[in-house]
Amino acid sequence: MGPRAMSPMWLQGLPQPGQAGTAAMVSCETSVSPCPPQERISQWHDQSSRYSTELRDFKNQVLGMLEAAEKEREALRAEAEGAAVRVDRLEREVDYLETQNPAPPCVEVDETLMDKQVATAKQRKNEKYTKLTDCSDTIASVRAMKILKRFGSSSGLWTKDAAGSSEKIYVFDGTANDTVYVFPRMREFTLFSATRKAARIKLPYPWVGTGHLVYDGHLYYIRQQGQSFQVIKFNLANKTVVDSSVFPAEEQIPVFGLSPSTYIEVSADEEGLWAIYATKEDEKNMCLAKLDPASLDIEQMWDTPCPRENAEGAFVVCGALHVVYNTRLPSRARVQCVFDVSGTLAPEDASLVYFPKRYGSHASLKYSPRERQIYAWDDGYQIIYRMEMKKKLEV
């Protein structure tokens, strides 16, 4: 065998016969040597095309999901609107049924009660009430309801001065406290969520219940002292006690069956000041007294036929006591018993007034004779009821 032929040095770096194209088939990604610019550009285009395809597929998938969610939202909105329409129709039907089927009369007719009322009437010096004004209106219906805000605890009361022209709002939070919050106007009370913007009045004695009243620049509030109850007359201008009087009723009990903390409800109407209360002597029904706002003397007293059971509040309008009833499980409150001290309103002519559906049970109801509306406290919500009035039909 002859000597092996040697390749020239300049041929040793090229592919040998039978290996042509092998180096060209090696991917630029795995090659150690730098890729040519054309190859890198080709790879970038391939990757961009692949990423664009994936992004487009993902976008189409998200759009499909959004369309499905929008269809579900529209379906739920349609169901909610349909449910609201059905609920509104049901409430109208309930209102109609309640109007057509009024609650049973609150007056129990028995001989014992009649004999007692006759005996009490004979003992009174001045049985017939002499009206001070020509007010002859009674409530026909609740015309509107406005929920102002939620403030404080579940029980309390808020009101304006029932006789003066002041626009101040007085807030009594709770059934046992000694600090009254005073807001300059309704706007401040509505807007401010905290009490830092309100003035505070520290009372000399704590109050009990929710039967208090602001009348002609004075606060009339109830203080419990042992087994007796006092009406305190407090001057709001100079922050002093003007007068106080022990309420002349023995063995008092809560006046409202659904508000056990209130023993005396001080109310104001076009005729002046009134006190609503109850005693063990006739524990089934309420009593009414006419107060002298100057001296706190009792001018006249009445035994009413309005029962305490299931009562949640009461107020006086044009000399007629209106008692609001509810149930142990709060439902729709209603004025179910009206007692007119002047005898100008027959019981059968009094309207059965229903309040709009609310959150719970009223803790207080304060009638404003100058505004013809009621300031109510309902489970911590402050509500205004505007009343529709009508003339009394004389007996």
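Colleague: Which residue stands opposite Y181 in β4?

Modeller: In this predicted model, V171 stands opposite Y181. Strand β3, residues 169–173, is paired with β4 in the antiparallel sense, over three bridges.

Colleague: What makes β3 and β4 count as paired?

Modeller: Two strands are called paired if at least two bridges are found between them. β3 and β4 have three bridges, so they meet the condition. The two strands form a hairpin, and five residues lie between them. In its turn, G174 has a positive phi of about 95°.

Colleague: Which residue stands opposite Y181 in β5?

Modeller: That is R200. β4 pairs with strand β5, residues 199–202, over four bridges, again antiparallel.

Colleague: Why is β4 described as mostly covered?

Modeller: Strand β4 spans residues 179–183, and five of its five residues are buried. T179, Y181 and F183 point one way from the strand, while V180 and V182 point the other way. Both groups are buried.

Colleague: Why does N326 count as buried?

Modeller: Its relative accessible area is 0%. The cut-off for buried is under 20%, so N326 qualifies. N326 sits in the loop between β15 and β16. Leaving aside neighbours within four places in sequence, its contacts include L258, S331, R358 and G360.

Colleague: What makes the link between N326 and E312 a polar contact?

Modeller: The side chains of N326 and E312 are joined at 3.2 Å. A polar contact needs a pair of N or O atoms within 3.5 Å, one able to donate a hydrogen and the other to accept it.

Colleague: Is D216 buried or exposed, and how do you know?

Modeller: D216 has a relative accessibility of 51%. Exposed means over 50%, so D216 counts as exposed. This residue is in the loop between β6, residues 213–215, and β7, residues 218–225.

Colleague: Why does R372 count as partly exposed?

Modeller: The value for R372 is 24%. R372 lies in the loop between β18 and β19.

Colleague: What phi does D216 have?

Modeller: D216 has a positive phi of about 55°, although it is not a glycine. R372 also has a positive phi of about 55° and is not a glycine. Most residues other than glycine have a negative phi.

Colleague: Why are β1 and β18 said to stand at the edges of their sheet?

Modeller: The open sheet has four strands in the order β1-β20-β19-β18, with antiparallel pairing. β1 (137–150) and β18 (362–368) each have a single partner strand, so one side of each is left without a neighbour in the sheet. The twist averages 20° from one strand to the next. β1 is joined to strand β20, residues 381–391, by 11 bridges. M145 stands opposite Y385 in β20.

Colleague: Which residues touch the most other members of the largest nonpolar core?

Modeller: The core has 22 residues, and those with the most touching members are F315, V324, V335, F355, L365, I374 and Y385. Strand β20 gives the largest share, four residues. A second, separate core of 20 residues includes F247, L273, C287 and L291.

Colleague: How do you know that L365 and Y385 are in contact?

Modeller: Contact means heavy atoms within 4.5 Å. Y385 is on the list of residues in contact with L365, once neighbours within four places in sequence are left aside. Others on that list include E265, F315, V324 and I374.

Colleague: How many helices and strands does the protein have?

Modeller: Four helices and 20 strands. Of its 395 residues, 42% are buried.

Conventions. Residues are numbered from 1 along each chain as its sequence is written. This is a predicted model: local features need pLDDT of at least 70, side-chain atom pairs count only at pLDDT 80 or more; totals for chains, interfaces and linings use all residues. Side-chain values use heavy atoms; hydrogens and water are left out. Buried means under 20% relative accessible area, exposed over 50%, partly exposed in between (1.4 Å probe, protein chains only). Axes are lines fitted to C-alpha atoms, for helices over the stretch in contact, and angles run from 0 to 180 degrees between N-to-C directions. A nonpolar core is a set of buried Ala, Val, Leu, Ile, Met, Phe, Trp, Tyr and Cys residues joined through side-chain atoms within 4.5 Å.
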